[in-house]
Amino acid sequence: ELELELELESEGGHDAARRLKELVSTTATVTDILKLRERLLEIRNEVDISNNGIGRDDVDAVDSGSNSNSHNNNNNNNVRDVDVDDDRDKDKDKDKNDDFDPYGSPSAKPQINPQRFSPTLFDQSPEEIYNIGMHYFNAKNFVEASQIFEWSCQKSNYRLSVACTNAVYLRTNLCDWGYLGRGFERDMAIVESVTKREVELYRSVQYLKDFDENEDDDHYLSYRYDNQHNERKWADEAIRAAGIGHSHDHRRQPYPPIIHWKRSTSVHPHMMLGYPLDDDHSILKRYVSESMAGMDELRARLRDDGTIADRPADLPYSVADMREAFLEQHRRHLLRRERDGTPLPPIKVGFVSSGFNSKAVLYLSHDLFRFFDPELVEIHVFSTGAPDHPQFIRQTMRGVDWRQRVIDTVDYFHDVREFDGDHIALARFIHDKELQILIEWDGYARQGERAMGLMALRPCPVQILHQEFLATSGAQYVDYIVTDRVVSPVRLEGLYTEKFLYLPHHFFSKGHAVQA
């Protein structure tokens, strides 16, 4: 209520703001609070969101499937944050959208109960209705949000696809599929239709240069370096900018394809993760993750005023340069060992996550760090999240501080909250530690807390996905995913941009057997 009051007051003399202020000032009893809550729902629908109060999200951004404020909202885990549209293609894309109907027939459409809404809601544009739905969503009123998103979807003639897919997401959370669950197949068809259409509109692949794989090495090297030096330099820069790392087979395919997305899909990777698509449509899961990966670093540079900051020219870091530097260091260490017996230094491995506190992942995984041989591995932890409150540790957790357990068992624990929102500074900080391997635990979870855009800047030569996200990152800058043969069967390897690192029994690290 206080947050809504502040937003309404920003509209100055708006009548709803004045009435709300009076209601808040006079509320005293539980009964009054319940009445106030009902009144607030009415006021939300009466607010003119064309002004600077509720619904001040940029309408163009919403139309392209985004919520421009959601990158600062931790509750908004599965909603588009920022999308970049090419103005030159807007008319073309609009034409392709005109006849799009994901439901197929009027009888298949989810039913909307108009009695749930204020009459003024029906006079709003689809984008404005979507913004109202976002406020219900952020308030975790999923029942109302589901209906409002669906109304926005239908009123836009299904062109505002993010409203359609958000409605599907909420119906999935609510198991709201109608009689005998018949609406479930309809909703999966919506996800497939919307995603296939957006792949066609927004995804492209750039092939830099093709070589004959059967050419002998001498001819290949001569052609590569002598006759095509300028093109080689340009192609290397494109590969570096895409963050393609060492998992790429440079000999067999010297110029890998570069995947471009004009905007991310309306379906969030975490939404898509739980949708049981058949084998013919499983590739859509990869495309959804690809679109998120392609926009992740750009989204991280979004300023509060809607502009995008420039990326430093030296980022992403060059994987080839880092590998060469580490190889040179290793050669020197080998010579020292042969000369005077100096042992080789340990491999430096980093873990980055926002969940080094009382989260389910850490409950299960904190003992993992006890089993690294310090003579072989030097562990660095980079925590982007806050520690638990001392009172919570003392009373709720009965004195158990999971974060402290990790601190006690790793070589270096870096609290990097000072870099909150500055993924560029965080990438430089991690890069300066000269790690060989960086393991990311959040995936696309914990929107608003995770180190968004970090991995795309390539602070380490080898980058690995583990734990929180069970599907492909879709990123060309993540080399491996730690998984198992049940979660990621060999037959699905083509759906992943990463190589598989199989654990023998289970992808998740669990410490039940050794916990004191």
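The structure, a predicted model, holds 17 aromatic pairs, where rings of Phe, Tyr and Trp (its six-membered ring) pair if their centres lie within 6.5 Å, and planes under 30 degrees apart count as stacked, over 60 as edge-to-face and the rest as tilted. Phe137 and Phe142 form a tilted pair, with 5.5 Å centre to centre and 35° between the planes. Phe137 counts as buried because its relative accessibility is 5%, whereas Phe142, at 24%, counts as partly exposed; buried means under 20% relative accessible area, exposed over 50%, and partly exposed in between (1.4 Å probe, protein chains only).

An edge-to-face pair is formed by Phe351 and Phe369, at 5.1 Å centre to centre and 85° between the planes. This pair links distant parts of the chain, 18 residues apart: Phe351 is in strand β3 (residues 347-353), and Phe369 is in the loop between α15 (360-365) and β4 (377-383). Helices (H or I, at least four residues) and strands (E, at least two) are DSSP runs, numbered from the N terminus. Both Phe351 and Phe369 are buried.

Residues are numbered from 1 along each chain as its sequence is written. In this predicted model, local features need pLDDT of at least 70 and side-chain atom pairs count only at pLDDT 80 or more, while totals for chains, interfaces and linings use all residues; side-chain values use heavy atoms, with hydrogens and water left out.

Apart from neighbours within four places in sequence, Tyr275 is in contact (heavy atoms within 4.5 Å) with Val168, Tyr169, Thr172, Met188, Val191, Val267 and Lys285.

Ser204 is located in strand β1 (residues 203-206). Its relative accessibility is 37%, so Ser204 counts as partly exposed. With neighbours within four places in sequence set aside, Ser204 is in contact with Ile258, Ile259 and His260. The C-alpha atoms of Ser204 and His260 are separated by 5.2 Å, although the two residues are 56 residues apart along the chain.
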